[in-house]
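Thanks for coming. I will go through a few local features of one model, and you can follow along on the screen.

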Amino acid sequence: MALPVEEWRVCAVRRWVGLEPALRERLMVASLHDMVHLGCGLLRPEVEAAALRRLCRRARTGKEPAAARFYREEGNRLFGRRHYGAAVRLYSQAASHEVPGSPDLAICFANRSAALFHLGCFEVCLEDIVRAESHGYPGRLLPKVLLRKVECLLCLGRLQDAADTLGAVENKIAADGNMTSPTPQTLLKKLHQLKDQIRERGSCPEPAREACDDIQRKSEIWEENVSISGASSSLSLSFDRERGRHLVASQDILPGQSLLKEEAFVSVLCPGENFHLQDSSETAWDTQVTNADLYCHRCLRQLLASVPCRGCSYAKYCSQNCADLAWEQYHRTECSLGALLLTLGVFCHVALRTVLLAGFAEVSRLVEWSHDGDKDLHNPEARCRILGEAPDTRAGSRGIPGCDDDGQYQSSYQAVFSLLPHTEKHIPEHKFLCLLSVVAICKQLQEAGLEVAVLNQKSSENGSKPNTCEQTLGELSPELKTVAEAMLRHVLQLQCNAQAITVMQESGSGDGAVINKKPVRLATAFFPVLSLLNHSCCPNTSVSFSGTAATVRASQSIPSGQEIFHCYGPHQCRMRVAKRQQLLSQYFFECRCQACLDELQSDVKSVVSTRNSFCCPSCQAPMQVGEDVLCCSEEACATSVSRESLACRLGALQQQINTALELLRGRKADQAIKMLLKCQMDARNFLSPEHLLMGELEDHLAQVYATLGKWQEAARHLEKSIEIVEMHHGPSSVEIGHELFKLAQVLFNGFAVSEALSTIQRAEEILSVHCGPQSTQIQELQEMKTCLSDLPRSILQRI
């Protein structure tokens, strides 16, 4: 949810329409500085501020003991049914609603440690046991938890630590005679069993530990650019009026070569598709899993056992260290604004966090220096000016916006600030929505007493304020007006410069032998160096992410002198040129990349339109493209069908496929197969054989057969899916790499050794180009290859 919720957008439009015409005219042509000064008084306490208060009450981010009890009981229920992974997530949600230091929080950690133990996550289980102890876990229950700690230590081979802990448990049992849970007899029996295990393990020599990483990780050759932080020395920074700042190959570049490695200057976790504001009438708590439950809110690492924020229920972290760093850097200010930031969207949240990370001194300096440039936004020379100095007064890259005094382009706040906000190109209603939203945040900062923290970045000893959206009657202070101006600039910049951080996320239950993954938008970020790359619908690079870090690699050979391109939106393989041009208009340019020019100038139908076309329901010949009515291409067949009816049929087919996938998730594989085969027969009657949905059906059938352990059938369907994917995306595309990865898993599980090894090799070659040799999928492929290569020859001969 990049923009504010719909109700707030409607409220802002009403306010805009109700403004005096003269004020609307002034706002339409005003600089960012003037917009903030004009807009500070437009947020009326009884109307807009009241509407925000109502919306904020629907985004429940505070601590709720009743919610904690609900999630803990749900966790206990699923634990009893041995659904340990789901139980861990519910105990984490319960912990996020408990007050720090309370015995109830300690119980959440202890319960979660039990689920983690059953999952075999012994190190994390130990961390939760320590957390339970530090939060005052009840003494009468502590021996049971400490015995679990002994079991974890034994499983990890730490015999001395296990013996020491067991001794402490014995002393505690001897000192406390009033334990009720578990019964003393059960407890003593378990204690003696563990004592015997330690004695047996201690009398046997420890087996030699295997190397934790037998797979040799390939090291990437890397020489950093002296002028562009995080960039390869094979790149150079250029600037012209037509293309702006851009990167060019200064030498020949090979496929798979790393070109850029950059940590996000700022990133904010997106709530995800499952997140929604609750209706005022709702009292039940949602058990759906969102990004907020799955990933660390600071470093974006995947969460197993989250550490909750001490002030709100929304922010969760992978470790106490991440929680402490986030608190010091920005969350102590954001914590009490959680509901407001969720209501106003990710772009506003990114804008606030950007200024918090930069610090008020740097923000103030750059805002002041920008005021001269705002006087002439339409003048290209003014745009070239870097913080008050004209480009012709400097040599080389020193005149390029964003470069520092030494001509270096760093991943810094100065580089973020220099990204164009395109103030004059945004529609007035959108600018006004952003203005009202930014003013609302700054007024809340002032009302909540957080201004000192924002301006001086000093630790707040009082923790977070209540999670409310109170009205502010006073005028914003001059300092907060400066903050509001910078935030407004960043919100407008994000429309063209926001970078989505994506991850390959498991779809389905994730407990099958074959893991099916799809790309998911995880966070929105500013990458000032990555933003130097211009767009092409057929780019020569691939971008991958690890946490908050982006890596750009060449996806093909790039000769010296050629520009480096990144795809902002739909690739030419995914969408026809007219639709691509329509979507790319949000970036305020008309795409003139070579792929678009070739398609516009060619009389031949685009690859996308040909392969995603309909076929005749009567004779299965291709249908001729028309606006409203499609006719069969065979003269002998006079069939014609309306485009609307075919689109309805396609929509119904997709609904049936979704129903089949629901059956699969409900472990009803036989019913899912029947429905998918029926869908496939129906699809053949009106879709071309190369239609992408035909490939998806083959992929779904492969998934069901793999669930049943029918590896040959699964492989056969996957191979058909790969043929169609290759037609659409090309033989060296990252999409083919992901499909080959799935096929490798199927062949591996089916002991088709030679086929598996050849598939693994091809998948490695493709994925190493797009994702790098250290990516998770490459490591898994290498582990499969090692396992197959180590099989005894006698077994291989029988296979």
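Let me start with helix H29, which is mostly covered: 13 of its 16 residues are buried. Please keep in mind throughout that this is a predicted model. From first C-alpha to last, H29 spans 23 Å, close to the 22 Å expected at 1.5 Å a residue.

Now, how do H28 and H29 lie against each other? The axes of H28, residues 711–729, and H29, residues 734–749, come within 10 Å and cross at roughly 170 degrees. An angle over 145 degrees counts as roughly antiparallel, so that is the term for H28 and H29. On the H28 side, the contact includes Trp 711, Leu 718, Ile 722 and Val 725. From H29, the residues taking part include Ile 736, Leu 740, Leu 743 and Val 746.

Three strands make up an open sheet in the order E3-E11-E10, with antiparallel pairing. Strand E3, at 258–263, and strand E10, at 541–546, are the edges; each has a single partner strand, so one side of each has no neighbour in the sheet. On average, neighbouring strands here are turned by 15 degrees against each other, direction ignored.

E10 and E11, the latter covering residues 549–554, are joined by six bridges. In one example, Phe 545 has Ala 550 in E11 as its bridge partner. Helix H30, residues 753–771, packs on this sheet and touches E10 and E11. The direction of H30 makes about 120 degrees with that of E11.

Last, two loop residues. Leu 300 is not a glycine, yet has a positive phi of about 70 degrees. Where is Leu 300? Leu 300 sits in the loop between helix H12, at 291–294, and strand E5, at 307–308. Is Leu 300 buried or exposed? Its relative accessibility is 4%, and the cut-off for buried is under 20%, so Leu 300 counts as buried.

His 422 is also a residue other than glycine with a positive phi, in this case near 55 degrees. His 422 is found in the loop between helix H18, at 413–417, and helix H19, at 428–447. With 13% relative accessibility, His 422 counts as buried.

That is what I had; I will take questions now.

Key
Residues numbered from 1 in each chain as written. Predicted model: local features only at pLDDT ≥ 70, side-chain atom pairs only at ≥ 80, totals over all residues. Heavy atoms only, no water. Pairing = 2+ DSSP bridges. Helix = DSSP H or I, 4+ residues; strand = E, 2+ residues; numbered from the N terminus. Axes fitted to C-alpha atoms, helices over the stretch in contact; angles between N-to-C directions. Contact = heavy atoms within 4.5 Å. Parallel < 35°, antiparallel > 145°, perpendicular 65-115°, else oblique. Expected span 1.5 Å × (residues − 1). Buried < 20%, exposed > 50% of the residue type's maximum accessible area, 1.4 Å probe, protein only.
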